[in-house]
Structures are given as C-alpha cells and as structure tokens.
Amino acid sequence: MKAFWTYTLARLGVFLATWAVLWGLSRLVFEGGTVLDLWVLLLALIVSSIISILALRGMRDRVAIKLQERARSLNDRIEESRRAEDVD
C-alpha cells in the first residue's frame with residue numbers, strides 16, 4: 001500500500017504544482033475572475049494528467065504490479081477456502 005499512497009501523493013503534487021504555475025501565469029496576464037479560475041483549474045487537471053502519464057510511469061507500474069499480486073493472493077485464498085469446503 002505504500003507504493004499506492006506514494007503514487008497518489010506524487011499525482012497530487014504534480015497537480016498542485018501545475019495549478020500554482022498556471023494560476024500565477026493567469027494573474028500576470030489577465031485580471032482574473034471566477035470564470036478564469038475555473039478554466040485554470042480545468043487546464044491544470046488536463047496538463048497535470050499528461051505530465052503524470054509521462055513522468056510517473058515507473059511508479060504507476062509498481063502500483064499495478066503490487067495490486068496484481070494482491071489480487072492473485074486473494075484469489076488463491078478464496079480457492080483454498082472453496083477446496084476446504086468441498087473436502088468437508
């Protein structure tokens with residue numbers, strides 16, 4: 001689970017950094033307003049997603065492997081339980 005939380009925090013960090021940069025740039029270029037803030041938020045979501053896909057690939061692969069191992073382990077335990085019930 002540590003890999004999952006590390007990846008999640010890394011994604012959040014990428015989003016917050018992207019949002020801060022875009023928000024700062026929008027304040028320098030435009031006067032600002034609620035509508036502009038929503039566009040900056042939407043653009044930050046899109047840009048941070050692209051950055052995360054490219055920059056966090058290794059972390060995402062490790063999380064996927066851990067989840068796959070955990071699912072396999074859970075399925076093995078369920079099968080063992082079924083076999084034990086069949087024997088009884």
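A search of the whole structure turns up 2 salt bridges, a salt bridge being a side-chain nitrogen of Lys or Arg within 4 Å of a carboxyl oxygen of Asp or Glu. The structure is a predicted model, in which local features need pLDDT of at least 70 and side-chain atom pairs count only at pLDDT 80 or more, while totals for chains, interfaces and linings use all residues. Residues are numbered from 1 along each chain as its sequence is written, and side-chain values use heavy atoms, with hydrogens and water left out.

One of the salt bridges joins the side chains of Asp 37 and Arg 27, with 2.7 Å from N to O. This pair links distant parts of the chain: Asp 37 belongs to helix α2 (residues 34–55) and Arg 27 to helix α1 (residues 2–29), 10 residues apart. Helices here are DSSP runs (H or I, at least four residues), numbered from the N terminus. From C-alpha to C-alpha, Arg 27 and Asp 37 are 9.6 Å apart in space. The two side chains also make a polar contact, again at 2.7 Å. A polar contact is a pair of N or O atoms within 3.5 Å; within protein, one must be able to donate a hydrogen and the other to accept it, and residues adjacent in sequence count only if both atoms are side-chain atoms. As for solvent, Asp 37 counts as partly exposed because its relative accessibility is 27%, and Arg 27 is partly exposed too, at 30%. The cut-offs are under 20% relative accessible area for buried, over 50% for exposed, and partly exposed in between (1.4 Å probe, protein chains only).

The salt bridge between Glu 79 and Arg 82 has its closest N and O atoms 3.1 Å apart. Here both partners sit in helix α3 (residues 57–87), 3 residues apart, or about one turn of the helix. An α-helix has 3.6 residues a turn, so residues three or four places apart point the same way. Glu 79 is partly exposed, with a relative accessible area of 34%, and so is Arg 82, at 48%.

Now for helix α1. This helix has 28 residues and runs 40 Å from its first C-alpha to its last, close to the 40 Å expected at 1.5 Å a residue; the expected span is 1.5 Å times one less than the number of residues. Its buried residues are Tyr 7, Val 14, Phe 15, Thr 18, Leu 22 and Ser 26, and they pack against α2 and α3.

Phe 15 is buried, with a relative accessible area of 17%. Leaving out residues up to four places away in sequence, Phe 15 touches Leu 41, Ala 44, Leu 45 and Ser 48, where contact means heavy atoms within 4.5 Å. Leu 67, by comparison, is 52 residues from Phe 15 in sequence and 24 Å from it in space, C-alpha to C-alpha. Ser 26 counts as buried because its relative accessible area is 5%. Beyond residues up to four places away in sequence, Ser 26 touches Leu 36 and Val 40. A polar atom of the Ser 26 side chain also lies 2.7 Å from the backbone oxygen of Trp 23.

Over in helix α2 is another serine, Ser 52, which is buried, with a relative accessible area of 1%. The side chains of Ser 52 and Arg 11 are joined by a polar contact of 3.4 Å. With neighbours within four places in sequence set aside, Ser 52 is in contact with Arg 11, Val 14, Arg 57 and Arg 60.

The surface also carries a nonpolar patch, with Trp 19, Trp 23, Val 35 and Trp 39 among its residues and about 1200 Å² of accessible area in total. Such a patch is made of residues with over 30% relative accessible area and no salt bridge; nonpolar side chains (Val, Leu, Ile, Met, Phe, Trp, Tyr) are joined within 5 Å, and like charges within 9 Å. Areas come from the Shrake-Rupley method with a 1.4 Å probe, and for residues only the protein chains shown count as cover. Both α1 and α2 supply at least two residues of the patch, but the largest share, 10 residues, comes from α2. Val 35, a patch residue in helix α2, is exposed, with a relative accessible area of 57%.
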